[in-house]
Amino acid sequence: MKKPENIRLLQQAVACFDDTQAYKQLFLLFYPSLVHFAVSIIKSRESAEEIVSDVFIKIWQKRQHLEKVENLSFYLFTAVKNRCINQFNDFKNRTGININDISIEFKSIYHDPEQKMISAEAIKQIQEAIQDLPPRCRLIFKLVKEEGLKYKEVAELLQLSVKTVENQMSLAFKKIGSAIDFKLHQLTVFSKN
Amino acid sequence: MTIDRFWDLFSKKYCGEASSSELNEFEEILLTHPEWKNTADELSNLNFQSTVFENNEDAEQAFETHLMRMKKADVEFSGIKLNYDEIESERRKWNSKKWFIGVGVLAIILILVFVLKKSMVTLEMKSGKQPTLSQVSTKPGSKTQIQLPDGSLVRLNSSSSLTYDKNFGKNIREVRLTGEAFFDVTKDSSHPFIIHTNVIDIKVLGTAFNVKSYPGDPNTETSLIRGNVEVTVKNRSNEKIYLQPNEKLVVANNNTTVNRTFADQPDHSDHKTEVSSKPIYSVQHLTYYPVDSAIVETSWVDNRLIFQENETFREVALKMERWYGVKINFGDEEVARIRAFGSFTNETIDQALDALHESCGFKYKISGNEITITK
């Protein structure tokens, strides 16, 4: 689980104590989603893995700066994006990234067991709803809800306006909300007529 | 359309992006559309955190590959558990410039400390104020618990003392320890917690660990239960030792090697080859009591006195002296080398001695606070 306070502690352990175990923890936490993200940009699993590994090598080399990084998630995603873009420029085979091409899997939803129970059926419906989101919408949703990025940060990362991020998030919740509550969905349809 | 506005506001609120006027607007919409409240609550309860990482095998494999790439790129990946040789060779790599700066900085610090101390002493003397230090001490045979101003808990074992500044926690968290204590330090990453002992300084952010630093003992021990600690050995301030949970650092108190407590290491052979003037340390694993896997190093916190199989009666006696506040004398050396092992919780000194006497076969005589052990 990527709890911001845990990540801060790990960052501190790496920055202050050169803690190799904490570094490994950070790697394990972020590696899968960063690779997904890189693959969606450069379409090559191998290069994506190398890029993420390179970013983490830099993190270790400059670990003393890690304490000052406010949101490590945003920092890592930005670093990965920049490296992906650089690689494009090196090969000169593309001019930019088309975010609509980006397909990001949304692997799972975690439901807090202490909270109100939710049926397995409902979770399945929610997952389907997320899978049915347009790719860009799904990516934005994932970056905000799963990676803990702020609207502003997502906008900067994906070169979009904050307003677009807002709209996409609103759209995502609307669809997921409809999956949870069919009645509300009907209401939506009704009010649109 | 209200429903679209509802989703705009909901997503902002749920992602922590809503302004206070937007939050108010959201509440107003819910008042006019109470039928939406249910869905909003359901959605807020969902936690969209990925759990892919709990299935760690792929990521572990990726980390191995990553380490190999690091090695190829000649990036040094170490920090924890530096061994003695590495430190020595690293130290040689130090160039003279760094060394020069280091000495300069150290000199300035020393001068500052000297001046400050002097001015503080004179200030105290002039104003007749109470000293700014608080001290908690325990007598032989008694223990106590202290809660520091920052919420950290300290259990103080017998014959120990903990000293800290009255201003503890305002800017720095620093204590001085003689004897043994178990620390459960409250997390505060901006104020590291530092424990000074005679031979080592321990720096932590938020952890639980035990420090044993009795003046008469051959070693100072730091045992880590959870979290991270950074230890600096006095006179070797450019080396830092990092412990992982379940490890203990043993540092020799005098100018000798770490005194091994293993059975195959006769006492007298320890010192003859070692001529180093610097304290030497070793990182070991914590010891578990074989009967119930209790951690021996911290068992005193649970009021248990544990002797391990590899301890001699002399070592056991030292523990008993502190535990019960008695003095134990040995009638002859042979008895002092008997191996004794067992665990005591509420037993009195009489009961404990009686039990040991039965399993080890020695004689003892109690007169007041003094106990004499003979064959």
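In this predicted model, B:G179 stands opposite B:S213 in strand β9 of chain B. The strand that carries this pairing toward β9(B) is β6 (residues 173-184), and β9 itself spans residues 208-213 of chain B. β6(B) and β9(B) are joined in the antiparallel sense over 6 bridges.

With β4(B), the pairing is antiparallel and comprises 4 bridges; within it, B:R155 lies opposite B:F182 of β6(B). With β5(B), β6(B) again pairs in the antiparallel sense, over 4 bridges, and here B:S161 has B:T178 as its bridge partner in β6(B). Strand β7 (residues 193-196) of chain B runs parallel to β6(B), and 4 bridges connect the two. In that pairing B:E174 stands opposite B:I194 of β7(B). In general, the strands of a sheet pair through backbone hydrogen bonds, in either a parallel or an antiparallel sense.

The loop between β4 (153-156) and β5 (161-165) of chain B contains B:S159. This residue has a positive phi of about 50° although it is not a glycine. B:S159 counts as buried because 22 other C-beta atoms lie within 10 Å. A:Q159, however, is exposed, because 11 other C-beta atoms are found within 10 Å.

Chain B as a whole contains 9 helices and 19 strands. Of its 375 residues, 25% are buried. Among contacts in chain B between residues at least 6 apart in sequence, 48% link residues at least 24 apart.

Another part of chain B holds an open sheet of 3 strands, ordered β16-β19-β18, with mixed pairing. Its edge strands are β16 (327-330) and β18 (363-367), each of which pairs on one side only. From one strand to the next the twist averages 20°. β18(B) and strand β19 (residues 370-374) of chain B run antiparallel and are joined by 5 bridges; B:K365 has B:T372 as its bridge partner in β19(B).

A:L34 is located in helix α2 of chain A. It counts as buried because it has 25 C-beta neighbours inside 10 Å. Leaving aside neighbours within four places in sequence, A:L34 is in contact with A:V52, A:L76, A:F77 and A:V80. The C-alpha atoms of A:L34 and A:A48 are separated by 8.4 Å, with the two residues 14 apart along the chain. A:V80, for its part, touches A:L34, A:F37, A:A38, A:I51, A:V52 and A:V55, residues up to four places away in sequence not being counted.

Several of these names belong to helix α3 (residues 45-61) of chain A, which has 17 residues and reaches 24 Å from its first C-alpha to its last, close to the 24 Å expected at 1.5 Å a residue. The buried residues in α3(A) include A:A48, A:I51, A:V52, A:V55 and A:F56.

α2(B) is hardly covered, for the count of buried residues among its 13 residues is 0.

Finally, helices of the two chains meet. The axes of α8(A) and helix α1 (residues 2-14) of chain B come within 8 Å and cross at roughly 100°. From α8(A), A:E166, A:M169, A:S170, A:F173 and A:K174 meet B:W7, B:D8, B:F10, B:S11 and B:K12 of α1(B).

Conventions:
Residues are numbered from 1 along each chain as its sequence is written. Chains are lettered from A and ligands numbered from 1 in the order in which they are written. This is a predicted model: local features need pLDDT of at least 70, side-chain atom pairs count only at pLDDT 80 or more; totals for chains, interfaces and linings use all residues. Two residues are in contact if their C-beta atoms, placed from the backbone, lie within 7 Å. A residue is buried if 20 or more other C-beta atoms lie within 10 Å of its own, exposed if 12 or fewer, and partly exposed in between; C-beta atoms are placed from the backbone. Two strands pair if DSSP finds at least two bridges between them. Axes are lines fitted to C-alpha atoms, for helices over the stretch in contact, and angles run from 0 to 180 degrees between N-to-C directions. The expected span of a helix is 1.5 Å times one less than its number of residues.
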